Amino acid sequence: MTKYIEEEPSDAGLMGAIADVGGVTPEALRLLLTLMAGYPIAAVYTKYIAEVPFKTLHHIFFFSCGAGLCYFNYGADTYHSLLGILVTYLLVLFLRHNIKLMIGLNFVFHMTYLLLGYFFTSSNEYDILWTMPHCILVLRMIGFGFDVSDGLKAQEALSNEQKETALPQVPSLLELLAFAYFPSGFLIGPQFPLRRYQNFINGDYRQHEGNVEAGMRRLATGILYLIVCQAGLSFLPDSYFLTPEFAQVGFIKRIYLLGFWAKFSLYKYISCWLLTEGALIYIGFTYKGKDEHGQPDWSGCSNVKLILLETGNTMEHYVQSFNVNTNQWVGQYIYKRLKFLNNRTISYGAALGFLAIWHGYHSGYYMAFVLEYIVVTTEKQITNFYDKVVLPRYGHFLNNSDVYKVLYFVALKSYNIVYMGWCLAAFVFLKYERWIVVFGAVNYYGFIYLLLWAAFYQSYRHFTRKSSKSNEDVTGATGAKSKTQ
């Protein structure tokens with residue numbers, strides 16, 4: 001980050017001064033201003049352009065606003081995204097009738113370009129460089145390539161999900177640029193298909209009301225989460241967990257401090273997603289249909305399920321509620337496209353592997369996704385054991401005990417906090433020499449308890465199978481003896 005600031009001396013001016021007052025980097029301030037810019041852009045579009053029938057004007061407005069904001073953040077490095085969009089457009093234009101070649105080249109080009117970008121720019125921190133919006137663009141262009149290929153297939157060959165995103169016609173370059181640089185979507189997401197952008201431009205969502213009020217509520221929620229995040233991380237900064245002082249704190253306090261720090265760290269991402277989602281709702285882009293009360297549902301581009309996130313008790317709840325949009329994209333364009341493997345475990349592993357590679361080279365990403373897979377699998381094993389072994393034997397007592405219900409709630413919440421800290425540490429600290437210090441400071445408790453459970457569960461399954469086999473042998477022998485007699 002220091003190197004990047006030295007390369008951009010202009011940040012030492014007004015932007016740098018304002019950033020110093022706010023206690024953030026100039027890059028972070030530019031990011032926040034860009035997210036907030038989505039609201040006046042939405043207001044201008046709604047008042048002056050939305051009803052204009054000339055669609056080219058809409059595309060020019062969104063492309064110019066988005067590209068301008070991209071230049072505001074990254075200057076000349078904006079050419080990286082322009083090049084990526086142009087390459088995809090040319091591939092689609094000339095190779096779309098050779099589906100496998102077009103999809104393959106599009107995928108390989110974007111992933112290779114992104115990884116080269118990571119290689120030449122990455123540091124020990126989560127850098128706010130041109131690679132941040134570029135990783136969003138990579139998914140958008142790869143998804144666009146798949147949607148074009150789906151548009152060439154017969155309707156009966158498509159799933160319902162694919163029918164909603166398939167593109168029977170190739171858009172113009174200007175439309176693709178407007179889609180890629182959509183002001184409240186190019187920087188940190190969310191992901192959405194070109195068909196949603198086309199529906200929006202066509203006015204399909206315009207007859208529905210309540211988007212402005214819903215957008216402002218999302219904005220207020222985002223500001224609240226941002227305030228809590230800043231307050232929490234000022235009390236528990238990342239650097240604290242690398243110090244000897246943290247390692248000397250009592251063990252129970254240590255793991256809870258790490259858990260609360262992880263919560264505040266998540267809020268950093270959540271607050272940004274809420275701010276950009278609010279602008280998308282305000283402009284009327286996120287219509288999803290009617291809710292259970294018959295009112296317009298504006299959650300079509302939501303990247304976080306706040307209620308599930310705050311009330312959930314397991315790691316799987318975090319997975320289901322955090323970065324929802326990206327997970328849906330991976331599910332639609334990676335996991336489900338591997339259906340031909342006929343193996344869900346391999347497909348799931350490949351999807352997680354893709355996500356890790358997409359994030360970058362740092363070992364922390366890979367450790368985080370490996371832990372996600374192990375912990376979610378372990379949770380399913382524990383749930384299965386509890387439902388099939390514990391409840392049949394003791395359910396009549398446990399379900400009628402108020403004390404047990406309180407203990408059960410406290411245990412789940414404690415697990416939720418404590419293991420989130422363990423699982424997120426590698427993702428935030430990125431490099432092995434940093435996250436291993438944090439793991440060591442908490443005595444590797446996450447690995448230890450996972451291994452203890454694995455040993456118990458596998459032993460239980462082994463002896464259960466052995467006991468079942470012995471019972472079958474005894475039953476078989478008894479039956480044979482009866483027949484002989």
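Phe-61 and Phe-62 are both buried, where buried means under 20% relative accessible area, exposed means over 50%, and partly exposed lies in between (1.4 Å probe, protein chains only). The model is predicted, so that local features need pLDDT of at least 70 and side-chain atom pairs count only at pLDDT 80 or more, while totals for chains, interfaces and linings use all residues. Residues are numbered from 1 along each chain as its sequence is written, and side-chain values use heavy atoms, with hydrogens and water left out.

Rings of Phe, Tyr and Trp (its six-membered ring) are paired if their centres lie within 6.5 Å, and the pair is stacked with planes under 30 degrees apart, edge-to-face with planes over 60 degrees apart, and tilted otherwise. By this rule there are 58 aromatic pairs. One of them joins Phe-61 and Phe-62, an edge-to-face pair with 5.4 Å from centre to centre and 70° between the planes. Tyr-256 and Phe-260 make a tilted pair, because their ring centres are 6.5 Å apart and their planes stand at 35°. These two residues are four apart in helix H13 (residues 251–282), and are therefore separated by about one helical turn; helices here are DSSP runs (H or I, at least four residues), numbered from the N terminus. Tyr-256 counts as partly exposed because its relative accessibility is 26%, and Phe-260, at 41%, also counts as partly exposed. Ring pairs also link a cluster whose members include Phe-61, Phe-62, Phe-179 and Phe-285.

Charged side chains meet rings as well, a charge sitting over a ring if NZ of Lys or CZ of Arg is within 6 Å of the ring centre and within 35 degrees of the ring normal. The charged end of Arg-140 is over the ring of Phe-179, 5.6 Å from the centre, and Arg-30 lies over the face of Phe-72 at 5.0 Å from the ring centre.

Which residue forms a salt bridge with Asp-150, with the closest N and O atoms 2.8 Å apart? The partner is Arg-337, where a salt bridge is a side-chain nitrogen of Lys or Arg within 4 Å of a carboxyl oxygen of Asp or Glu. This pair links distant parts of the chain, with Asp-150 in helix H7 (residues 131–151) and Arg-337 in the loop between helix H16 (324–335) and helix H17 (344–359), 187 residues apart. Both Asp-150 and Arg-337 are buried. Asp-150 also meets Lys-153 in a salt bridge of 3.4 Å, N to O, and Lys-153 is partly exposed at 36%.
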